[in-house]
Each structure stands twice: as C-alpha cells, then as structure tokens.
Protein chains: 2
Amino acid sequence: MTDPSIEETLGPLRLAVMEQGDIVRQLKESGAPDSDVKKGVSELRARKKILEDKELELAPIGFELLDRNRLEDLLKRRFFYDQSFEIYGGIAGQFDFGPMGCDMEDNLLDAWRKFFILKEKMHKIKCAVVTPEPVLRASGHVDRFTDLMVKDVKTGECFRLDHLIKDELEKVKADKSATAQVKAECENILTRLDGMTKEEMTAVLRQFNMMSRNGNDVTDPVEFNLMFHTSIGPTGQIRGYLRPETAQGIFVNFSRLLEFNNGRLPFAAAQIGPAFRNEISPRSGLLRVREFTMAEIEHFCDPNDKSHPKFNSVKDLEILLYSACAQMEGKPSKLMKLGDAVTQKLIDNETLGYFIGRIYQFLIMVGVNGKKLRFRQHMSNEMAHYARDCWDAECLTSFGWVECVGCADRSAFDLTQHSKATGAKLKAERKLSEARIEEVVDVLPRKALIAKQFKAEVKIVLEEIEKVDSNIIESSIKQEGKFDLQVNDKSYSITSEMVEVRRQMKKVHVENFVPSVIEPSFGIGRILYVILEHNFGVREGDEKRTFLKLPPIVAPYKCCVLPLSNKPDFMPFVKQISQDLEDQEIPSEVNTSSGSVGRRYARTDELGVPFAVTVDFDTLKEPHSVTLRDRDSMLQVRLPVNEVAAVIKSLSCGKLSWSEVRAKYPAFIQQE
Amino acid sequence: MTDPSIEETLGPLRLAVMEQGDIVRQLKESGAPDSDVKKGVSELRARKKILEDKELELAPIGFELLDRNRLEDLLKRRFFYDQSFEIYGGIAGQFDFGPMGCDMEDNLLDAWRKFFILKEKMHKIKCAVVTPEPVLRASGHVDRFTDLMVKDVKTGECFRLDHLIKDELEKVKADKSATAQVKAECENILTRLDGMTKEEMTAVLRQFNMMSRNGNDVTDPVEFNLMFHTSIGPTGQIRGYLRPETAQGIFVNFSRLLEFNNGRLPFAAAQIGPAFRNEISPRSGLLRVREFTMAEIEHFCDPNDKSHPKFNSVKDLEILLYSACAQMEGKPSKLMKLGDAVTQKLIDNETLGYFIGRIYQFLIMVGVNGKKLRFRQHMSNEMAHYARDCWDAECLTSFGWVECVGCADRSAFDLTQHSKATGAKLKAERKLSEARIEEVVDVLPRKALIAKQFKAEVKIVLEEIEKVDSNIIESSIKQEGKFDLQVNDKSYSITSEMVEVRRQMKKVHVENFVPSVIEPSFGIGRILYVILEHNFGVREGDEKRTFLKLPPIVAPYKCCVLPLSNKPDFMPFVKQISQDLEDQEIPSEVNTSSGSVGRRYARTDELGVPFAVTVDFDTLKEPHSVTLRDRDSMLQVRLPVNEVAAVIKSLSCGKLSWSEVRAKYPAFIQQE
C-alpha cells in the first residue's frame, strides 16, 4: 500500500476518520452523556467502513479476482462440504463435511494439537456440550448473547433486523424512481448500520415503513438469544443450552486442572469441540453457521507476572498490526515486530504477544496467505467489558475481512463470575516474599453434628465444605443462618450449629489470588474456508481448470496413484505403491477410472492432492520406475518404484523440497 | 470353563434354558398368540440370566477381584474424567474428560482411524448434530426410541420404571419381616425384569403398591422419548433433536458418497462424533451417559454379493462366539474360527464376518482383555425388525457383560425409509449380464411452463426434479394432481401440466437397487472404560500401589522424565531428553516435583505411563547415560542419553519389545 496515487485517494478518508476519532476521545474525556458518545462512535465506525472499503478496492492483493461461484461449485462437486439434510429440504446454516472436508479438518486439528498442545505441554480437556442454565447465566450468555430480530405479524416468520434493513434499503436504492437524495440517505444508513443501536435501527425501520419479505407488518425489534435451548432429564424442569463456546467448561474445571498441574501457575488448558449458535438467518456459507468446531486455549497466569519464557522465539516476527489507535486515526495497519509492539505497550503483555506470534505462525503454516492476514485490536468501545486487551486475527476473503481467531486477555472475569455464582474457591496461591499477619476466616466443621444430620454422607459433606470459600460460608450464615451446600444435584443445609466460624489474626506465608486468563480462540470452520479461498486458483492458459494449492499438511490426500490405463500388468505396481504409502501412513487415493491421465490429474488438482504417481509402460521394464508429478509446477520426474513412498513422505512433512527432488531425479516430459 | 465340577453345577441350568428355548420355538412354529410367545420369551430370558450369573460366579477369570471404588478413586484423583459442572452441583450422566481421559480418547480414535478408515480406504464424513424431526421420524427414533418411566404425582419427579421396581424389590427383600415366599417372589421378578413388557411391569408396580422415592403415589408408566429436543431458528416452529446416533447423517448423504466413489459399490463411510441420549436416570458411570462419542461405519454393498476380498485375512481368528442358538439352548459361548462360522452360516455373510474379525483385532490392540470379550448374536426376538443378523462385541466388567460395539447387517431398511420419506433416489446401479426389455417411467419436464412459474429458480427446479424417483412423481401426480418438490426450506408445486409422465417399454442394460448396509458401531466411552477396568491392577506385595497397565498405543504419555533430585546439574539432561521426545512427537511428562523417585514412579504408574527415564548422578559422567524403567515389570536398564528417545519411540509403536531392550542394554538395579 505504498503506491502514492492510492494514498492520495485515501488521504481525505483517513483524515475524516481521524477527526471523528478526536471528537470521540474528547467526548469521553469531557464525560459527555452516553448517548452522545454512542452517536460519535457510530459516526466513527461509518467513516472507518468507507475508508476500509476504498482500501480494499484499491489494494493490489488480487482478492477481487476470486470467482466465488466457481470455488463453491468445486467444493460441492468434490464433496468438501454441502448443505445438511438436503434430501429433506435442508436447514440454513448447517453443513455436512464430506471426505475431503473431513480430512482437511482432521489435518488442521492434528496440526493444531501438535503446534499448541504438544509443543507447549498444555492440558487437554473435553467438557459436556449440554450446559445447565446457571453456568451460562454466570458467564453472561443468558442475558447478553442476543441478536435483534423482528417478526412478521401475520406469518410469525422472523428476520434478523440488520439483514432486513440492508435488503430493504438496497431495494429502495435500486428503484428507478428513487431521487438522488433518497439514494444518498440509504447509502449513508447502510454504512452506519453495523454500529447502530436498537433505537436507531427501529427508527430506520419505521421511517421507511419496512415490511417483512412476505409484505406484512413487522413487530418492534426484540432481542433473540442465540443459544439452542433444551431440557435435561425427563421432568422438563432442568433448563439447558447447547454451549455457544467451549471456554466455560474449562473455567468450571479450573480447580481440577490446577491440582493436576501440582498447584502451579502458569499453565494452559485446551479444548477442541463443537459449539452451537441458533442464528436468526444464517448466510455466507461456512462463515456463519449454526454448528461449528472451536479450538480454545485458556492460559491461566499470575496477573502480576504476564511475562512468557518463550517470547524471545517470536519477538522478531513482523506482523501486520491494526491497532485501536490506528483505527481511531484513520491510519492503515502497519507491519511491526512483535517485540517492538510489546515494548511499546501496544500489545499489553508478553504472554498475549507470544500467542499472537504463535497464531500467526500457525495460520501461515496451514495455508493462510500472509498478505491477507492482519491482527486487529478491539477498540475500547467494542471490547467486552471484562477484556483488558483483545486482538483478532482477521483474514481477507471475498466476504471482506473475517475474524478467524480471537486472542484476548480476559483478566479474572470468568473465574470471578463462577466463583460468585457457586461459592467455589477458584484461586491459586502465591508465596509471599515475607510472611505477614492477616485476619483469616476459618470454618471448622463440627463433625459429630454433621454426621448425625447427614449420616452416610458425612464424608462427602466434609470434603465439599473444604472446597468452599470460607468468607462465603461466613457471610451466608450471618445473613441467613445457614449455608446451602450443592453437591451432585443435592443440597445440604449447613446450619450455624454445624460449623464454628472463627476470625483470627494469623501469620501467613502465601496469599490467594484469582488468576488472569489469556484466551486464544480459533474458529476452525472459518479458517478452513479461508484456506480454501486463499489457495483456489485457475490454471494459466486454461480457464476451465480450477485447482486447490493446499499445503501438504492440510491436503486430504498427499498422493494419488494412477495407472496409465487399465492394462492388468500395471496393477501389481499400483498395489505395491499403494501398500508402501499405507505402511508409511500416508493418506492416498488410487484412481483407476477410465479417463485420460490429463483428466485424472485435473481431478487430483481439484482435490488439492499435492503429488501424483503414474505407472506407465516404462514401469514394466527393469529397473522399475514411475513418474512423480508436482501439483503446483505440474512438472514431473522419474524415480525408482521402491523410493517413491519415502520421497512422498519427506515431501509431505517438509523435510524435502520439490526443487531438491528435481535436482536428484531426471525430469520426465509429458503433455498434459 | 472346562472344569468338570463347574459344568456339574451349570448342567441343570443349561437344561432349563434349553427346555424353555424349545417351548418358545414350538410356540412360534405353531403360530401361537403373540402374548403367549412374549411370555415364553420372558421366561427364557429369566432362565438365561440365572445361568449367566452362575457362570460368572464360577468363572476363573478373576473379574470379581476388581475393587471398583479404588479404580474410581484413581480416575478422579488423576483427572481421567469426572462429573461435569460439579461446582454447580452437577448433572447426572455428564462427564468431563481431563487431560488423561482426553489423551486416551484421542489415542483410541487415532488408532481407530488408522485401523479402519486408512487401511480400508473408507470415506470420512461429519454430519450435523442438530437434526430436524422428519429425518428422525423416518428412521423410527421419534416413535420408538423410548424408555418407560413413572412420575411422582406430587413432586413431578420422574423415575425410570425398571430402576424403581428394582430398588423397591431390593428393599422388600432386605426387610427382616419379609417371608421366604415374598423374598423368592422378589428374586423371581428381579430375574425377569429385563424381559418384561409394559403391562407386566405395571402389574408389579401396583401389586407391591410402589411409591416414588419421596413416598408419594406414582402415575401409570409412560413412554419417554430419549432424544434431547430443541427448536431450530427463531420462530420455534422447526422442531429438532440432538442426534441419538451418527448413522442417519450418513444415510441421508448416500447419493453424494456414491458419486464421490464414482458410482461404484461396495464402499464404506465412517463418522466419528458426539451423540446424545436424554436418559431418565443415568447410572453406572461412563457406561450410561447423556453425551457420548460414537464411531460408526456404514458399509454399502450389493445385497446379492456380500463377499469380502479380505475375508481370508481374518478367517483363522479364533473368537468366542455366543450364538442365538447357544443362548436358546443354554449352551456356553464357544471359541470358533471365523472362517468356520461363516461357512456354517452361523454368521450370515463374509462382510459381516470380516468386520467381526476386525473389531476383535482392534479391541485386543487397544487393551481389551481377550478372555473377557465375546461376540453375542441377537436372538430373533431382540433383533431390530430391520436387521438380518446382528452381533454385539461384549466385554466383561464389574457391571457384568457390557455391549461395546454392535455389528449389524441392517439390510436396505434405512435407505428405503429415507427414500420413502423424501422421494429421493437412494439407489445404486448394477450392470445386467444381458440387456432386457422393461416398462420404464420417464418424467419429462416442460421447461417453458416451469420457467414461467418459477422464473429465476428454473435451473434449480429442473436439477432437483432429476433427482427424484420418477415413480414417486408419477404416483403423486396421479393421486393429488401435483408433486411438492422440497428444496432448501422451500416447496415448489409441480403440477401435472409442468411435466409429461411417460410409461414405455425400453431396453435396459442396468438395474437399480437399494444397497444393503453392514454397520459396525462403536461406543468409544464404553470401550475406554473397559480398557481402564481390564488394565487396573495392584502391585503384588504392596496393596496401596494401584496402577494402569495401559498399552502404549492408548497410554496418555508414553514416557515420564524424572531428575533424581532438584540438583541444577540434572536439568540440561532433562531438557535435552524432553526436547528429543518432542521432536519425535512422543507425548511425555517431566516430573520435577520433590517426592522420592519411588513416589514419582507410583504417580506415573497411576497415569498408565509405560516408560520412565531417570536422570541421576551417573548421567553427569561421560559417556552420559540414563535409566529406563518398564512399568509392567518395574525392571530398569541403563542406556546412552542420545539413544533413549529412539528406543522409546520403537517401544511405543511395537517395533521393539522390552525383552529386546533388556537383552541389548545392561540391567540397572535400584530399590523402589
């Protein structure tokens, strides 16, 4: 983006953003009314969007060349993924992954496990999907995880409010009878739509007298919770939801994980699994779906020490950073060394910086185009109230910039919430540099009374009392005369007689604290889609031949084995090579269909298979040899049959490059 | 079970089963009323249960030695798995897997993928979890996937009927005032309970005037559907369920999979993923849960040809088979060669036999004890109405024999049901040996009319009409004057004017048929639990030391690295070895905690870590060496530092045995 003519066009737009950024800052500093700040922010977003659209339009990175219809056609034809339950009419926002999509996803997750879990010795965890309501109430999802929608008053059909407004305004704009003024107003609203409040959108809805797609009146906007609800057990009385993210399961297991880690911080836990969002009207293919796979890491650390021992290994990475400041000032994103960004406090701390570096390395490794990848910092007005700093890895696609990974410092929010809701001690211990005298609350159970009351269950009650924060028991007994201990669906009422609560001064050597959490959170389906877009291509000089330039690490098959024809003499060699590949655990396909070799290469290209081995007439002669074809260059070499599996293994895991293979073996020339 | 004194005891029980088996057979052959047959079967089951309980009691396989409490204590302490949402009181039947359980499950699934998908070149697929009602209505789940329950009339609490009866009768039996006659009656009912009909159970409920656990009256038994319900989208009008198995997703994708396989049969598709059952009152730990991971294979083949090209590779396996006949006749299960079982038609066909062999090999490989594994054939009265033959892999645990894998020939049932429900052609083609003349229905769309009606959507409508069975369009138009085409949530009414339906005689070279399906279906959580039970042990001479003898293929860590003490000189060696293991992708743990080496070995034993490397004072001397300890024998050898990672890699993947290691390296003697 250094072309001066481009900057000439963008200059005034950048200025407009900066001016508005200053206004917002001043409003905040002067303590202006909330509604004024919101209006200012809304205008700021609008100006940012105009700038960004123009930047994309002028950007020399070629994304505009992508013919999405042709990519989608390939993905459907080769069954990477497709609409779920299609023979039943299908449901929007649900996709089934076919053999190619599954392999890609499995490879992606396998790479993720090795890159994050194995290398960093993280603790794996797998939690329940169906989640009881109180958990998601504490996390804030029951109250706040909503989108605005309106209902058709006659049919009851529901529409996502922003979608409805967008579609209606596009229609108004397209109408020939619309005046230039009306068109400009529509344009103006469309630009601002993303940042609008409920009230502003309602005003637009009514101003244009918008109807549902069926031509009927619509209700006022209401908030619709995006979680799938269900009930657990037969009574219908335990309300539950399908989890909207995997993170909460990790937080509620904090104490077990800490114990597993011998009580020490920092440590990280990682979970891969499905999550669900009941979108009002899903669009944009894999980017907005009702079921998706997430891979989430919760790194627990001492809030006083967010250094990272391996930060040095990433500090020299140059990454495109789009800071909140740059966004406020209309400046472009900027290539920066991670080390500098942390030193300058642009990125809050080393651990956050370390994960940003690792996310970057991972995305590049699995095939994301580095030129279409940036890390965007949340501006203070969009950041969740609990987050201290948050950066999204965004990838540029034909749908615009898409968030694929979030990386947030969530501070102590989640553990604090769950602790408040349950009374559980979700804390770690830190050694004091010197011992100090402190007032301490001790809860001493009176075992005889407890045993008398709870009989056989005395052991479990004593164990569970131990796990509860003494302060909580003290205050509950003070206020209500008892404390209700919840264990496995049952409640045990601990009365003031059953425990002695003692406040005393004590010499303490350790202090308790609620750990901070740094959370890298990956949307696997989105990353998969981005990889497909970034690696989709058309053969030069042959517009009909599309192909996927997938890196071997994610490619479904690493190799395809083709006999030149169905001549029976070829088959023993095909079988031998296929067996050699299987013995080396290299996923491969044998293609004995009757098409020409060229047509079959075209198929392997569409499946993204990086290498193809062909058995031909020369194979029958001694010493037996085959051709090996490289998908990206379409060049071929000839090599001995008994070396081919090992060469493909080395090529697939990056231990050998194609140019090394070309240097070692004679070229083979064939017309495709 | 060849001890003559044991057979002496079992003889009369076997005879009792056989006599009742004969009665049932006669009842069926003579066409006796259904209720008489049911009664006969119920008595047969009761006698079978008495026989089986006695067999277990006398069996010399030592399962009765398992102290389940100690195993459960270990699994909880070391966080293999534990109750979900425990800090919120928890929900029965939900478990979170900790680091050790996750690793075990991942290893198990990885082994499964290599053993089944990669070796057999199956097609992977991953389908949606939330399933619209019509799909599960066609499969029979909406109507038949139920358990009986009763409700407390006052509190509304629900109880699974068989559990309630069992608990109540146990109480009656235990009551000191109960007469011998009442006790015998209770015993008798308990034995028969599993096979009882709804009516019989209701009679017992009322006869003993059973109350709920709260002491209140209960309602009459009702059928409770075991699927979690939800609604899809914002209107609340699209009813859906969390899938109770993964299989249906594969069936509805049959056409895409067939096309991916170039239209050829046989082929198999495989899916790994979560499934859900809203159990009324879950018990038995991991064996009966509300969320579980399944791994299912659907092998599609020609019903006229169920041979399998690789059957020879399993035909000599000797497997414990418990045939339907043996069960009817009170005979024990019998070791048989698979080849003989198929030749004798005991197992219906080669493909079913092949999968039974592969399931057996897999279970043994991952650590199931072969002496506690049998394949039990479903008796005709318990087999699902659509199944042609069905064998369950059952493992003996402290809960009795537990079904872990089902292997059924489901014939054409599922594809036929979904085809009926949707009109989709779910058929394959078979070449006729010679062409024949046949009456054929052709549906020829009148494009102009269709275009006029559906405008921009004409292309999709024409494409979709193509996919529907012509006979179905013909009969719908005949009966209703139109055919409703369902595409992506929308319905298109195809009237008789829009298509020409033509019946004519044609020379055909191929015929269509609905493929048969052979389904091996794995319950991953159950297999995991069985592996834990079968490999749990106590060190001889030291009752306190429990350990898990997990095979390396499923063990969470393959190796633990321990410095003898915290002496800083040891650390460079610990780091080097840890790095070498990481480079070879061997999951390992470094244990620098302050306990004695013996205590730390005890911990690795409880985690099931097969090998441990200790860095000690001799390591510091040149040539640098370490000790390597084998968990099972507790023996150690001394070997060079730079060889240790490669040796552990070879040991872990079975390329090297411990006795070979002992032969190669000097023994190291140390007191534990």
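Predicted model: local features only at pLDDT ≥ 70, side-chain atom pairs only at ≥ 80, totals over all residues.
Chain A comes first. Its C-alpha atoms take up a box of roughly 95 × 70 × 55 Å, taken along the principal axes. The chain is built with 24 helices and 29 strands. Out of 672 residues, 56% count as buried. Contacts also reach across the sequence: if one looks at pairs with a separation of 6 or more, residues 24 or more positions apart make up 69% of the contacts.

A:Gly525 belongs to helix H19, which covers residues 524–534 of chain A. Is this glycine buried or exposed? Its relative accessible area is 14%, and since buried means under 20%, A:Gly525 counts as buried. Leaving aside residues up to four places away in sequence, A:Gly525 touches A:Leu286 and A:Thr293.

Next come the sheets of chain B. One of them is an open sheet of nine strands, and reading across it gives the order S3-S10-S11-S21-S16-S15-S14-S12-S13, with mixed pairing. Which strands stand at the edges? They are strand S3 (123–124) and strand S13 (334–337); each has a single partner strand, so one side of each is left without a neighbour in the sheet. For S3(B), the pairing with strand S10 (residues 267–276) is in the parallel sense and runs over two bridges. Within that pair, B:Lys124 has B:Ala270 of S10(B) as its bridge partner.

B:Pro266 is placed in the loop between helix H11 (254–260) and S10 of chain B. The peptide bond leading from B:Leu265 into this proline is cis, with omega near -10°.

Chain B has another open sheet, this one with six strands in the order S25-S24-S26-S27-S28-S29 and again with mixed pairing. Here strand S25 (588–590) and strand S29 (667–668) are the edge strands, each pairing on one side only. Further in, strand S24 (residues 559–563) and strand S26 (residues 611–615) run parallel and are joined by five bridges. B:Cys559 finds its bridge partner in S26(B), namely B:Phe611.

Helix H9 of chain B, residues 198–207, gives a look at how a helix can be packed. Its buried residues are B:Met201, B:Thr202, B:Val204 and B:Leu205. What covers the buried residues of H9(B) includes strand S5 (146–151), helix H7 (161–174) and helix H8 (180–192) of chain B. After the helix comes B:Asn209, with a positive phi near 50°.

Positive phi values turn up at other places too. A:Lys455 is not a glycine, yet its phi is positive at about 50°. This lysine lies in the loop between helix H16 (447–454) and helix H17 (458–467) of chain A. A:Lys455 is exposed, with a relative accessible area of 61%. In chain B, B:Lys455 likewise is not a glycine and has a positive phi, of about 45°. The loop that holds B:Lys455 runs between helix H16 (447–454) and helix H17 (458–467) of chain B, and at 61% relative accessibility the residue counts as exposed.

Chain A, finally, has a cis bond of its own to point out. The peptide bond from A:Glu622 to A:Pro623 is cis, with omega near -10°. A:Pro623 sits in the loop between helix H22 (617–620) and strand S27 (625–630) of chain A.

Key
Residues numbered from 1 in each chain as written. Chains lettered and ligands numbered in written order. Heavy atoms only, no water. Buried < 20%, exposed > 50% of the residue type's maximum accessible area, 1.4 Å probe, protein only. Helix = DSSP H or I, 4+ residues; strand = E, 2+ residues; numbered from the N terminus. Contact = heavy atoms within 4.5 Å. Pairing = 2+ DSSP bridges.
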